[in-house]
Amino acid sequence: MLTDLPVGLLREHRTAVEPPADLDAFWADRLAEARALATPPEAVEVDTGLTAIRTWDVRFSGWGGQRVAGWLRAPAGATGPLPAVVEYVGYGGGRGSALDDLVFAAAGYAHLKMDTRGQGSGWSAGVTPDSGGTGPEVPGVMTRGIDDAAQYYYTRFYTDAVLAVDAVRALPGVDGSRVGVTGGSQGGAGALAAGALAEDVRAVAARVPFLCDIPRSMTITDARPFHELVDYLAVHRGRVDHVLGVLARVDGAVLASRITAPLLVSAALMDSIVPPSGPFAAFNAAPSARKEILVHPYNGHEGGGAEDVAAALRLFAEELGR
């Protein structure tokens, strides 16, 4: 069933979350701290048995200088620097197998799929530990490190996401002037964050993005992961203002107001995990001159599936070339 506002109202919906006064300075400080600790990325080619696609096991510096894993894939025999697509993974997942997710490389891009710190054991495997964030938390990562905005889990995840863009630009065979970002759900949140915070991202494709219009989303769905926040505040009743203040710094509907690159978002009207008002709020906030939202009236959190990926490929072909 429909989980949110009628589509006519969604098209006008804006988040009520006010950007913190120091939002830009907060993120500039976080990224400067991480970049000061960064060391060059490393890429070791692996034999996957494929003949049309080459694959490298990548390690790059993320939040706190911690090494984050990824897979880099590119078409075999490609000549000249390639445009790049950086992809982020949904909640609970990691970078997966070296044989997963070959679409973007098959389309002619250098494709960096970033592992997700401390996740990668829910539905796809990861190898990156998470050594930051302490204090009481609800199982999951939504409240990990929420005592301190600078240590909060999604501050660290978004920092990783931006430094993944830095890393792909530093890898051989990549045209650093042509980089797009993408992902679904939590990965869509990462794509919005990278589009807002990384320099000169050329295109952003966010499928049913999570972490948008967070205060509304966490009160109109009983589904996790948003409900982790509800569980936390049901116990820590005096911390509402603090928690909402931390979340405002990572809210995709707030950060989207910094996205100027061409933008593609999808939303599903029967999505009980990411209520569609969140993706619409991010889309509506973005000042991008070129933007499009794909609306799937009868889908849940799967969104448009392959149709969303095909739309992302069209966007990247037009904005990044091949």
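Let's start with the second largest pocket, which is lined by 14 residues. Nearest its centre lie Arg-54, Trp-56, Ala-74, Pro-172 and Gly-173. By pocket I mean an open set of points on a 1 Å grid over the protein atoms alone, with protein on both sides within 12 Å along at least five of seven lines, and a lining residue has an atom within 4 Å of a point. The volume here is about 240 Å³, taken as the space filled by probe spheres set on the points, with grid points joined across faces, edges and corners.

Before I go on, this is a predicted model, where local features need pLDDT of at least 70 and side-chain atom pairs count only at pLDDT 80 or more, while totals for chains, interfaces and linings use all residues. Numbering runs from 1 along each chain as its sequence is written, and side-chain values use heavy atoms, with hydrogens and water left out.

Strands S2 and S3 (67-75) each supply at least two lining residues, and the largest share, three residues, comes from S3. When I say helix or strand, I mean a DSSP run, H or I of at least four residues for helices and E of at least two for strands, numbered from the N terminus. By class, the lining divides into 10 nonpolar, three polar and one charged. Nonpolar covers Ala, Val, Leu, Ile, Met, Phe, Trp, Tyr, Cys and Pro, charged covers Asp, Glu, Lys and Arg, and the others, Gly among them, count as polar.

Now the largest pocket, at about 480 Å³. It has 25 lining residues, and the closest to its centre are Glu-87, Gly-90, Trp-123, Gly-184 and Arg-207. Strand S4 (82-88), helix H3 (103-106), strand S5 (110-114) and helix H11 each give at least two residues to that lining. This one splits into 10 nonpolar, seven polar and eight charged.

Arg-207 turns up again in the lining of the largest cavity, along with Ala-205, Ala-206, Leu-264, Val-265, Ser-266, Leu-294, Asp-308 and Ala-312. A cavity, for the record, is a set of points where a 1.4 Å probe fits but cannot get out. Strand S7 (203-207), strand S8 (263-268) and helix H11 (306-320) each supply at least two of the lining residues. The classes come out as six nonpolar, one polar and two charged.

So how do the strands line up? Nine of them form an open sheet, in the order S1-S2-S3-S5-S4-S6-S7-S8-S9, with mixed pairing. Two strands count as paired if DSSP finds at least two bridges between them. S1 and S9 (291-296) are the edge strands with a single partner each, so one side of each has no neighbour in the sheet. From one strand to the next, the twist averages 20°.

Ala-43 stands opposite Val-58, and Glu-45 has Trp-56 as its bridge partner. Trp-56 is also one of the residues nearest the centre of the second largest pocket. The hairpin has six residues between the strands, and Gly-49 in it takes a positive phi near 90°.

On to helix packing. Helices H2 (residues 23-37) and H4 (residues 153-170) pack at about 60°, with axes 10 Å apart. That makes the pair oblique. Axes are lines fitted to C-alpha atoms, for helices over the stretch in contact, and angles run from 0 to 180 degrees between N-to-C directions. Under 35 degrees is roughly parallel, over 145 roughly antiparallel, 65 to 115 roughly perpendicular, and the rest oblique.

Last, two backbone details. Arg-224 and Pro-225 are joined by a cis peptide bond, with omega about 15°, and Pro-225 sits in the loop between H6 (214-220) and H7 (226-235). Ser-185 has a positive phi of about 60° although it is not a glycine.
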